[in-house]
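Welcome, and take a moment to look at the sequence and the 3D view. Below is a friendly walk through some of the features to be found there.

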Amino acid sequence: MKRTFSVFKALTTASVKNPSALFWMIVFPILLLLILASVFSNVQKSVNVRIAIVNENTTFRRTNFDFASYITTTLEKMAHKDGKSPISCLKSATTTKALGIFLKDLKDGKIDAVMVISKDFNSLVYAKITKLPLKADPIVTIYKRRNSQSSNIAFSILDSVLSSFNKKFLKMKKEHAISLEIKYLTQNGKKFSYVDFLTTGIIVMALMTVSLFGITDDLLVQREKKVLRRLFVSPITKINYVLGMSLSNILLELIQITLILITGIALGAHLKIDAISISFMLFVIASTMPFGFFVASISKSANSGNAIANILNFLFMFLGGLFFPVNNVPFIVKIMAYSLPTTYLANGLRALMGISYSTTPLYLNIFVPLAWAAFMLFYSVKKFKWEV
Amino acid sequence: MEKESILKVKNLKKHYHDVKAVDGISFEVFKGEVFTLLGPNGAGKTTTLEILEGLKKHDEGDVFLFGTYIKNGIPLSLKEKIGVVLQENNFIDHLSVVETLKTFRGFYSSGLRIEEILKIVSLEDKKNTKVEKLSGGQRQRLAIGVALAGNPDLIFMDEPTTGLDPQARRNVWDMIVNLKENGKTIFLTTHYMEEAEFLSDYIYIMDHGKIIARGSVQELINAFGEERIIEAHLDVDENLKGELKEILHEVEFGKSKVFLKAYDLPKTMKIFLDWVEKRKVEVRDLIVRQSNLEDIFLKLTGRSLRD
């Protein structure tokens with residue numbers, strides 16, 4: 001134990017006193033989080049809203065006075081799949097039962113707004129145009145999620161359609177025409193937030209980076225410089241060294257996680273941090289560590305190890321669903337993405353941290369990385385050479 | 001009083017494919033002595049040492065370390081009693097001298113205090129310097145300090161002064177002498193005959209994996225170096241060199257130097273000086289010395305130690 005602690009202390013001190021290691025392991029992930037969050041958060045929110053309409057109107061249907069139909073047709077035209085429409089999905093229905101389903105979808109974050117046209121909408125609009133006495137104002141109700149940017153965008157679209165309707169048929173200013181009732185819902189679980197998505201992705205990236213570069217460096221550079229040889233003529237075992245090195249990297253990774261979480265929360269991320277999500281982070285640490293051992297085992301020199309680590313790191317970063325969702329990527333890329341452990345680690349972490357974005361079930365999020373880790377560990381134990 | 005055996009090696013062999021790196025050597029090292037394996041590069045010294053340090057496994061032969069038979073590596077309990085200075089000493093980058101010493105001290109259950117080690121290796125004023133900033137000599141002193149961390153009984157040193165300047169080399173020698181005076185047993189390999197002569201109680205001369213001679217410095221000289229050497233600076237052309245060789249037979253020419261082997265010193269000296277007088281050759285720095293280990297190695301192998 002004392003020997004393992006001496007290795008741990010030496011390697012940790014060396015890392016802390018190495019500006020380059022500190023930058024890439026601690027500062028870089030936070031910089032990346034800040035940059036990506038500031039660049040892509042708004043872009044993500046400005047496109048692709050999903051709207052549902054429930055047309056409950058039963059009056060003047062399929063007549064010249066079917067005003068409700070004008071509204072729904074306008075939205076359907078807007079949602080035409082020309083690739084430029086901000087409405088990526090439009091669902092229509094006419095029953096109160098459908099409304100219940102849509103509202104649940106809205107709460108679950110599957111759609112961004114629900115518009116309900118009231119039962120006697122057409123007759124009330126007709127009365128308003130012909131200045132007949134009104135028993136009530138025609139009402140369109142819009143349901144949206146509280147504090148949701150995508151819901152706000154969907155609402156703006158619906159609002160502009162109603163304004164256009166008012167101008168065309170009622171020749172009145174909006175506030176004197178159709179009453180617009182807005183109802184807010186709170187999303188079930190959590191709304192999709194890019195900062196949440198990114199923060200969890202950066203955590204997985206950072207842990208993978210420490211493993212790929214930290215462990216590879218501790219093994220290959222020290223082997224190449226014959227530091228390992230010097231250590232092993234002293235009374236320590238290879239197990240002492242591997243344990244000390246692993247503990248040193250784990251400490252760095254825990255510091256990383258803490259700093260990334262603090263930065264993410266400061267950027268507005270809403271993350272559930274509990275025993276289960278922390279346990280999964282420890283699982284991420286444990287399952288990514290063999291990657292460093294693996295790279296060290298297949299590399300003849302520190303330089304080649306570094307090159308292989310860089311290739312793997314890029315692959316995991318950009319195809320592993322760390323920065324962007326991979327469910328809408330081309331098929332071939334999707335196959336690659338779903339072959340990588342980082343996709344599952346990121347999905348698992350997101351699911352357990354309360355971000356409703358896991359396209360894979362939890363058991364796969366554990367099993368796939370575990371299978372990768374087991375293979376790499378087995379290969380490393382068999383193939384790693386302690387001396388060059 | 002009977003001497004205490006620290007290390008005993010019998011018929012040690014190590015092959016690399018067809019190359020016999022160590023070819024059946026035997027020796028015994030006793031407590032408190034400086035034991036030296038002397039030989040040129042490639043003689044098999046480092047391979048022998050690496051087997052004794054537990055870095056390599058031997059193919060044949062018996063090794064007893066502190067009376068324990070060693071076959072598959074050295075147990076940690078014995079490593080606690082050993083200090084090692086490798087031929088190439090690198091340490092974890094970014095650590096200071098004192099952090100490096102503390103790291104290695106942490107591997108031993110008992111040993112010297114860090115301040116003591118710093119004093120022995122004269123690195124007190126460099127204790128906070130990063131190891132990569134140390135000069136070659138300072139780094140070698142640190143390597144000796146690291147070897148002393150567990151206050152070992154036996155210290156292996158593989159060519160500890162190779163690549164050092166004369167002053168740094170002298171410092172390392174002084175340190176080794178001090179260690180010997182403090183009762184440490186030192187197993188040294190070197191290809192510097194001055195180093196072997198200065199430090200060793202017992203020398204084994206090794207070449208092509210075999211021991212070709214052994215004994216104390218004086219025993220070796222008595223056995224193999226009965227002649228004297230006349231050494232002088234001499235500017236002569238090839239004709240005159242040939243002439244001198246015809247007259248004196250055992251003559252060797254270095255870079256502007258001549259070495260004459262003299263079994264009968266007055267006679268050889270007279271012949272040489274008569275030739276110098278007759279040919280009006282300018283002679284500078286004429287000295288007569290006893291044969292040294294370099295001469296003995298040359299005599300035994302036909303090659304120089306530095307070849």
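A residue is called buried when its relative accessible area is under 20%, exposed when that area is over 50%, and partly exposed in between (1.4 Å probe, protein chains only). This is a predicted model, in which local features need pLDDT of at least 70 and side-chain atom pairs count only at pLDDT 80 or more, while totals for chains, interfaces and linings use all residues. Residues are numbered from 1 along each chain as its sequence is written, chains are lettered from A and ligands numbered from 1 in the order in which they are written, and side-chain values use heavy atoms, with hydrogens and water left out.

Let us begin with aromatic rings. Rings of Phe, Tyr and Trp (its six-membered ring) pair if their centres lie within 6.5 Å; planes under 30 degrees apart count as stacked, over 60 as edge-to-face and the rest as tilted. Over all chains, a search of the whole structure finds 31 aromatic pairs. Two of them are set out here.

| Pair | Centre to centre | Angle between planes | Type |
|---|---|---|---|
| F23(A) and F28(A) | 6.5 Å | 50 degrees | tilted |
| Y202(B) and Y204(B) | 5.9 Å | 45 degrees | tilted |

Y204(B) is buried, at 5% relative accessibility, whereas Y202(B) is partly exposed at 29%. F23(A) is partly exposed at 32%, and F28(A) is partly exposed at 23%. Ring pairs also link Y202(B) and Y204(B) into a cluster with F27(B), F35(B), F156(B) and F187(B).

Next come the strands and helices. Helices (H or I, at least four residues) and strands (E, at least two) are DSSP runs, numbered from the N terminus, and two strands pair if DSSP finds at least two bridges between them. In chain B, an open antiparallel sheet has four strands in the order β2-β1-β4-β5. Its edges are β2 (19–30) and β5 (68–70) of chain B; each has a single partner strand, so one side of each has no neighbour in the sheet. Further in, β1 (residues 5–16) and β4 (residues 60–65) of chain B are joined by five bridges in the antiparallel sense, and V9(B) has V63(B) as its bridge partner.

In chain A, β1 (residues 49–55) is largely enclosed by the rest of the structure, because six of its seven residues are buried. Five bridges pair β1(A) with β3 (residues 113–117) of chain A in the parallel sense; one bridge partner in β3(A) is V114(A), which faces A52(A) in this pairing.

What about the interior? A nonpolar core is a set of buried Ala, Val, Leu, Ile, Met, Phe, Trp, Tyr and Cys residues joined through side-chain atoms within 4.5 Å. The largest such core has 91 residues, and those that touch the most other members are Y241(A), F323(A), L142(B), I144(B) and M157(B). Helix α7 (residues 194–224) of chain A gives the largest share of this core, 13 residues. Apart from this core lies another, of 30 residues, including A21(B) and F156(B).

Finally, which residues other than glycine have a positive phi? One is H17(B), with a phi of about 55 degrees; H17(B) sits in the loop between β1 and β2 of chain B and is exposed, at 80%. Another is E159(B), whose phi is near 45 degrees. E159(B) belongs to the loop between β7 (154–158) and α6 (166–181) of chain B, and with a relative accessible area of 4% E159(B) is buried.
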